[in-house]
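Biologist: Please take me through the terms applied to this structure, setting each value against its definition.

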Amino acid sequence: MHENHEKLDRIGRSILASARNELYLNMRFLDVALSGLDYAMNLNTPTIGTDGERIQFNPRLLIDLYRQDTVLLNRVYLHMLLHCLLRHPLQGEGREQELWGLACDIAVESVLDSMDSRCVKLLSSALREDTYADLAQSMPVLTAEAIYRRLTEQTPDFDTETALIQEFHRDDHRFWRSGEGDDTQNGQGQEGRQREAMEQKWQQLSQKTQTGMETFFARWGDQAGSLLKLLTIENRERYHYADFLRRFVSLREEMRVDTDSFDYAYYALGLQLYGDTPLIEPLEYRERRRIRDFVIVIDTSQSCAEGAVERFLEETRSVLCTEGLFFADARIHIIQADAGVQSDIVVSSAEEFSRFCDGFEVKGFGGTDFRPAFAYVDALRERGALSHLRGLLYFTDGFGTFPAKKPDYETAFVFFREDYTAPQVPPWAIRIVLGAEELGTEHTGEVSQ
């Protein structure tokens, strides 16, 4: 029995090595990534899967695939490798596991079907083509996150979900969350460290793969299909929107008792020695980072995504109102603009901001030109209405004409782009790119200056 297991293990490893070599010869841009997975036989799974460290395989499946068609074997291997490069096994926490696994499978299979390489090329079924076409109507790039959001918003019925799983499922996802076959996970602390190490490992391999595809292997674009787009999105620099928004607050003295810098020992000693005369009294002021004058411009042109403006306002309201960032005499101008300024509402407190968000109505739907909003703000400043302007935040989809001249206040363009691509901004402006995931949950995005 032991000898038979050793033989099956050798056969399985040999088959996987053969698939890896064929992928390497046909897709040189995967040279670094293909070295990221070791092999381990696991008879507890009827199929094959990966925990991010090893491909855990049932040799009987590999033998069947090898006999049937090596293209099927290559696709299964690359299917698992793409899961790792896109960090799918590490992102399922807090999500419904069946739908998350299905979303990840659809995402990587769409990449495989987009590749023009004979070693993975198969004819697509009608169900696949219809699924891709349906998803493409609501998302520019078929990422696992976007597909999962679609599946949770429009939950498929049992028969449809079963058909999709049968069509796209290729590997055993149990290894993603249970650590099956990994005898080194002893305790939550060690498991957390291993998870962090795995995240760092695949992030580095993913970034190296992306860099290679953009430089040395750029000519392999057809063979890579849509992989580069997904890697670019996954490897984008994350930035907390709340932290970004705090860059625009002002530092100003606010008249109030500063209890943090007050020493009660000297105060009590003075009362004891001199009766009603304390040796020290509390300071009547302290410095706090709060907003005085601020401008939010909302692009209400036709090209802005429906619902994105409302989500942006809600996220901004959440940060400003819950963290006490308003001065008592704050003036926040919320301007709606397309090719011209459509409205200007001034709010002076958290309560007014909340009421504005609750009753918000979009005005505009014309073309996009950023210049009228800046001209309008400059006119307000000339009249003294924005004498303490700290910054201007412009929420847009990215298609418009920028001012030619640098304003003398900090300016940031917040782009809502689900494919995380956006036009370059002038050198004097900050750019932050948010997708639906960032506006809806995590409040992070890509920022540059």
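Modeller: Let us begin with a pair of side chains: H169 and D105 are joined by a polar contact of 3.2 Å.

Biologist: What makes the pair H169 and D105 a polar contact?

Modeller: A polar contact is a pair of N or O atoms within 3.5 Å; within protein, one must be able to donate a hydrogen and the other to accept it, and residues adjacent in sequence count only if both atoms are side-chain atoms. The separation for H169 and D105 is 3.2 Å, and these residues are 64 places apart in sequence. Their C-alpha atoms are 5.9 Å apart in space. As to provenance, this is a predicted model, in which local features need pLDDT of at least 70 and side-chain atom pairs count only at pLDDT 80 or more, while totals for chains, interfaces and linings use all residues. Residues are numbered from 1 along each chain as its sequence is written, and side-chain values use heavy atoms, with hydrogens and water left out.

Biologist: Which residues is H169 in contact with, leaving aside its neighbours within four places in sequence?

Modeller: With contact meaning heavy atoms within 4.5 Å, they are D105 and L164. H169 itself is found in the loop between α7 (158–168) and α8 (174–178); helices (H or I, at least four residues) and strands (E, at least two) are DSSP runs, numbered from the N terminus.

Biologist: Is H169 buried, exposed or partly exposed, and why?

Modeller: Buried means under 20% relative accessible area, exposed over 50%, and partly exposed in between (1.4 Å probe, protein chains only). H169 has a relative accessible area of 35%, so H169 is partly exposed. By contrast, R219, in the loop between α9 (188–214) and α10 (221–224), has 69% and is therefore exposed.

Biologist: How do you know what caps the N-terminal end of α3?

Modeller: A side-chain oxygen of D69 lies 3.0 Å from the backbone nitrogen of V71, and D69 is the cap of α3 at that end. Helix α3 is also mostly covered, with 14 of its 16 residues buried.

Biologist: How does the reach of α3 compare with the expected span?

Modeller: The expected span of a helix is 1.5 Å times one less than its number of residues. From first C-alpha to last, the 16 residues of α3 reach 22 Å, close to the expected 22 Å.

Biologist: Why do β1 and β3 count as paired strands?

Modeller: Two strands pair if DSSP finds at least two bridges between them. There are 4 bridges between β1 and strand β3 (residues 54–57), in the parallel sense, so the pair meets the criterion. D38 has R54 of β3 as its bridge partner, and M41 stands opposite F57 in β3. Strands β2 and β3 also qualify, because 3 bridges join them, and they run antiparallel. I48 likewise stands opposite F57.

Biologist: What separates β2 and β3 in their hairpin?

Modeller: There are 3 residues between β2 and β3, and G52 in the turn has a positive phi of about 95 degrees.

Biologist: In what order do the strands form the sheet, and what is the pairing?

Modeller: The 3 strands form an open sheet in the order β1-β3-β2, with mixed pairing. Strands β1 (38–41) and β2 (48–50) each have a single partner strand, so they stand at the edges, one side of each being left without a neighbour in the sheet. From one strand to the next the twist averages 25 degrees. Helix α3 (residues 70–85) packs on this sheet, touching β1, β2 and β3, and its direction makes about 25 degrees with that of β2. For such angles, axes are lines fitted to C-alpha atoms, for helices over the stretch in contact, and angles run from 0 to 180 degrees between N-to-C directions.
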